[in-house]
Amino acid sequence: MKSINQHQAFENEKRIHTDFKEKMTYSDYLELDSLLSSQHRLSNHHDEMLFIVVHHVSELWMKLILHELDSAIQDIQSDKLKSSFKKLARVSQIQEQLKGVWDVLSTLTPSEYMEFRDKLGNASGFQSYQNRLIEFALGYKTEYVLKIYENDPELYNTLQVAHQAPSLYDVSIQALARAGLPIDEEVLNRDVSLTHKSNESVKQAWMTVYQNVDKYWELYELAEELVDIEDLFQQWRFRHMKTVERIIGFKVGTGGSAGVSYLKKVLDQYFFPELWELRTEL
């Protein structure tokens, strides 16, 4: 039996491709040379590599979140709610990965970070434009932060377009209206460049969905996907805040933000307020 298994293993190995002179490799497909050569330390400190890789990984996951959110928004606008569910569920799974990234960064001690923090200059995670695009896609619109990106006209335009576009919650509310649930006209025709404020008609519409699950199953599932995303986003924000507090305490951020104080404040922001309010009243 052993010799038969060894022979089979040998035959299997013979089928492995080894000649890549004219074929695409794994490294070629993923452009690993470019990806893995993008980590440039500005100091000689060992732990700066950790700091860079953690933020690179986070930005890659954010890129995928935006890819999924943009598509899910289009699905909901086209009343393809079932198609949006898998994408929104995937966003939630990506958020779990993003949360875990803070556990890795929290292995950095204050003494170690101080060895290279000055090399960052005014660079800060607060300036992450992908994080800003995610906030815009979820409905938290802040115009003043756009000034950060004025030095890059192409990026600035991308952010302006996202700032003016309907959010995931805007299109979800529109879906409620198309299902025949009464929504105030001022909400349906509101300026989507502004952050949505809690509205009684929206809360009552979601309340109807939760009280008639069988009739509004797809809208009910949509609501729960939204709650999952907001819940995990808040967990990510909390882990971010505690990691920063653990490493630099209450120092001002490198980008000039209030650091931990700012991060604590944003914990009180809600993307989908009515979906949380109705839980008390159900």
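Contact here means heavy atoms within 4.5 Å. Helices (H or I, at least four residues) are DSSP runs numbered from the N terminus. This is a predicted model, in which local features need pLDDT of at least 70 and side-chain atom pairs count only at pLDDT 80 or more, while totals for chains, interfaces and linings use all residues. Residues are numbered from 1 along each chain as its sequence is written, and side-chain values use heavy atoms, with hydrogens and water left out.

In α9, Y169, S172, I173 and L176 meet V202, A205, W206 and V209 of α11. By class, this contact of α9 with α11 holds seven nonpolar, one polar and no charged residues (Ala, Val, Leu, Ile, Met, Phe, Trp, Tyr, Cys and Pro count as nonpolar, Asp, Glu, Lys and Arg as charged, and the others, Gly among them, as polar). The axes of α9 (residues 168–178) and α11 (residues 200–211) come within 11 Å and cross at roughly 65 degrees, where axes are lines fitted to C-alpha atoms over the stretch in contact and angles run from 0 to 180 degrees between N-to-C directions. Helix α9 is therefore roughly perpendicular to α11, a term covering angles of 65 to 115 degrees.

On a 1 Å grid over the protein atoms alone, a cavity is a set of points where a 1.4 Å probe fits but cannot get out, and a pocket is an open set with protein on both sides within 12 Å along at least five of seven lines; lining residues have an atom within 4 Å of a point. Grid points are joined across faces, edges and corners, and a volume is the space filled by probe spheres set on the points.

The structure holds one cavity of 30 Å³ or more. The largest cavity contains about 80 Å³ of space, and its lining includes M62, Q95, N131 and W236. Two or more lining residues come from each of α4 (48–77), α5 (81–105), α7 (129–138) and α12 (217–248). This lining comprises ten nonpolar, two polar and no charged residues.

The largest pocket has a volume of about 1200 Å³. Of its 47 lining residues, H55, S124, G125, F126 and Q127 are the closest to its centre. The lining divides into 23 nonpolar, 17 polar and seven charged residues.

Notes:
Parallel < 35°, antiparallel > 145°, perpendicular 65-115°, else oblique.
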